[in-house]
Amino acid sequence: MKYNVCMVSDFFFPNQGGVESHIYHVSQCLINRGHKVIIVTHFYGNRRGVRYLKNGLKVYYLPFPTMYNQCVLPTILTTLPLLRNIFIREDIHIVHGHSAFSTMAHEAMFHARNMGLKTVFTDHSLFGFADASSILTNKLLKFSLADCHHAICVSHTSKENTVLRAAIKPETVSVIPNAVEASMFIPDPSQRDPDKITVVVVSRLVYRKGMDLLAGIIPEICRRHPDVQFIIGGDGPKRTVLEEVRENYQLQDRVVFLGALEHSQVRNVLVRGDILINTSLTEAFCIAIVEAACCGLQVVSTKVGGVPEVLPPEMIKLAEPSVK
Amino acid sequence: MAAGVKSWKKILYEDQGFPDHYVDASFLDELRKNLYTRTYDYWTVVIESGVIVQQLCSVCIFVVVFLFMDMQLLQAETLVSVSGGLCLLGYLVHCLLTSVGRIQSDRSFADDLKTFLIFAGFSYCLSPILVSLTETIATDTIYAMTTVMLIANLLFHDYGTSAPMVSGVLSLNAGLFASVCLASRLQTTLHSFATVTFAVELFALWPALRRNLRQAVSCCHVLMTTLVAMVTLLLVSCISLTATVLLALAIVFITLLCPAWLIWLQTYKNNIHGPWDEAAIQQ
């Protein structure tokens, strides 16, 4: 039985990220199985209209401007004409929305249900319950998923979290973990420095990725182990904190900043390391550790969210989120 | 099928043979509710609610004093001398507590005297301007603004908690603005000088003294609350019976009913904790 699937999200190429690459890879896998897949998202700069990606994957870049956090303004009514047109024109059977943040995904699923199509929702992140923004987002999610046929979560912890937030029946939620394209992350031990132990960090340098923890760890480890060096890839607001630490402890030759990295360059950075360290404070799945394990690195991570479920114990060492 | 024989583990790296939407018996096992909620004791909350009653009463005292002066029942000279005397008394208490070591104060006597002289001097010199400040504004507008400002004073006052809404500065400014509004309605410059200095004492100096006394001598809080409430009710009863009844009801509501309401609401708390929580960095 071949289906026509429409993936909808505010987050897609040319943005780089976990959700974006997830949507792309799932679409390619579905096309390889014979289904028809199209993707609907908003426009990015000059990239408007219809584009085709590999294997005939059609992407609609719709003229809805982004308002806040790369998402379109939630109006519900103004997105109806275009989305309905696309669903009818492409003869869509299933509409698949991604990411709880994406207003376009919620609206598309809403319109799809009104047209009698089947809807699926994939949740990529963990949320809290207590602060104001979480309460509002969870309420929105309850409305949106009340009429959704099925949901997919990327880990068992994420399933528990989504079931509690959206008040849906756990039997309608499947756990399908994320995956990496192994051919893109081939190990290469020759790239490693044989005299030193190289610790790699590749992430956005923001608070929720635990950069404050990292800032506390770097001097401690450098003090205890003179043969350790750090490579830090990625950029963000916390970069100044880390650079400050580097200055204060005179570690200029032992800590290297690579700045923002393209997704294609990540593998070349990872193979230079022996260990990947992940200090996130909250993660539904954490694809970075899978990419690193695929490249042959030992992974050290904080024990948060869905991380303990991802890798077998011999490939990962878990730790409590404190500097000690 | 091997699915029924093996036990299900919460892992993602192995195909355990169960369907994707399988719900294990251990689903939501790590969910915890209400781990960090505070439980309140009724009488403790009642005693603590005294801070709100004290501030409400000081606002009422201020309004009543203004009304007395407006009705010519109170002479400006009397008010100046009484507030001067009370200020001196309060300062002596403060010095006593500092010397005994119950409270810290990094200001010397010279600092305090200097501040007092600067303030009194400026107020006295600027009170002629003050008395004619709002001549063109209608009395109703003045009374409305005063009400709003005094409500702001009550809302933003620093009652000892660290909520984001608390702003001691905003509260003090609102109180002083209210006093300026009312002072400009009075007859002579001495009246407005008296009102403004009394307001400064009531809204700036007295809360600080209450806080220090409370910290130093633990039993005086209940005593202070009852004393202040009785004095206020007495003064208000000279003006209007309705106002007295309303004030008494307000005090009963704040002191006895609100704590009961808070404790009743706590039973509806529903905080959810689990492995999905964002980690707090332990130092």
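This section describes the strands, helices, aromatic pairs and annotated spans of a predicted model.

Residues are numbered from 1 along each chain as its sequence is written, and chains are lettered from A and ligands numbered from 1 in the order in which they are written. Because the model is predicted, local features need pLDDT of at least 70 and side-chain atom pairs count only at pLDDT 80 or more, while totals for chains, interfaces and linings use all residues; side-chain values use heavy atoms, with hydrogens and water left out.

In chain A, eight strands form an open sheet of mixed pairing in the order 3-4-2-1-7-8-9-10. Helices (H or I, at least four residues) and strands (E, at least two) are DSSP runs numbered from the N terminus, and two strands are taken to pair if DSSP finds at least two bridges between them. Strand 3 and strand 10 (173-175) of chain A are the edge strands, each pairing on one side only. On average, neighbouring strands of this sheet are turned by 25 degrees against each other, direction ignored; axes are lines fitted to C-alpha atoms, for helices over the stretch in contact, and angles run from 0 to 180 degrees between N-to-C directions. Within chain A, strand 1 (residues 4-8) and strand 7 (residues 94-98) run parallel and are joined by four bridges. Cys6(A) has Val95(A), in strand 7 of chain A, as its bridge partner.

Helix 5 (residues 156-166) of chain A packs on this sheet, where it touches strand 8 (118-123), strand 9 (150-153) and strand 10 of chain A. The direction of helix 5 makes about 165 degrees with that of strand 10 of chain A. Of the 11 residues of helix 5 of chain A, 10 are buried, so the helix is largely enclosed by the rest of the structure. Buried denotes under 20% relative accessible area, exposed over 50%, and partly exposed the range in between (1.4 Å probe, protein chains only). Within helix 5 of chain A lies Ser158(A), which is buried with a relative accessible area of 0%. Leaving aside neighbours within four places in sequence, Ser158(A) is in contact (heavy atoms within 4.5 Å) with Asp123(A), Leu126(A), Cys153(A) and Ala284(A). Just after the helix, Ala167(A) takes a positive phi of about 55 degrees.

Strand 12 (residues 228-233) of chain A has six of its six residues buried, so this strand is largely enclosed by the rest of the structure. In a regular strand, side chains alternate between the two faces of the sheet. Both faces of strand 12 are covered, with Val228(A), Phe230(A) and Ile232(A) buried on one side and Gln229(A), Ile231(A) and Gly233(A) buried on the other. Strand 11 (residues 197-202) of chain A runs parallel to strand 12 and is joined to it by six bridges, with Gly233(A) as the bridge partner of Val202(A).

A search of the whole structure finds 10 aromatic pairs over all chains. Rings of Phe, Tyr and Trp (its six-membered ring) pair if their centres lie within 6.5 Å; planes under 30 degrees apart count as stacked, over 60 as edge-to-face and the rest as tilted. Tyr44(A) and Tyr61(A) form an edge-to-face pair, with ring centres 6.0 Å apart and planes at 80 degrees. This pair links distant parts of the chain, 17 residues apart: Tyr44(A) lies in the loop between strand 2 (36-42) and strand 3 (49-53) of chain A, and Tyr61(A) in strand 4 (residues 57-62) of chain A. Both tyrosines, Tyr44(A) and Tyr61(A), are buried. In chain B, Tyr124(B) and Phe193(B) also form an edge-to-face pair, at 5.3 Å centre to centre and 85 degrees between the planes. Tyr124(B) belongs to helix 4 (residues 109-131) and Phe193(B) to helix 7 (residues 189-216) of chain B, so the pair ties together parts 69 residues apart in sequence. Tyr124(B) is exposed, with a relative accessible area of 51%, whereas Phe193(B) is buried at 11%. Ring pairs also link Trp8(B), Phe18(B) and Tyr22(B) into a cluster.

A charge is taken to sit over a ring if NZ of Lys or CZ of Arg is within 6 Å of the ring centre and within 35 degrees of the ring normal. The charged end of Arg48(A) sits over the ring of Phe43(A), 4.0 Å from its centre, and Arg210(B) lies over the face of Trp206(B), at 4.8 Å from the ring centre.
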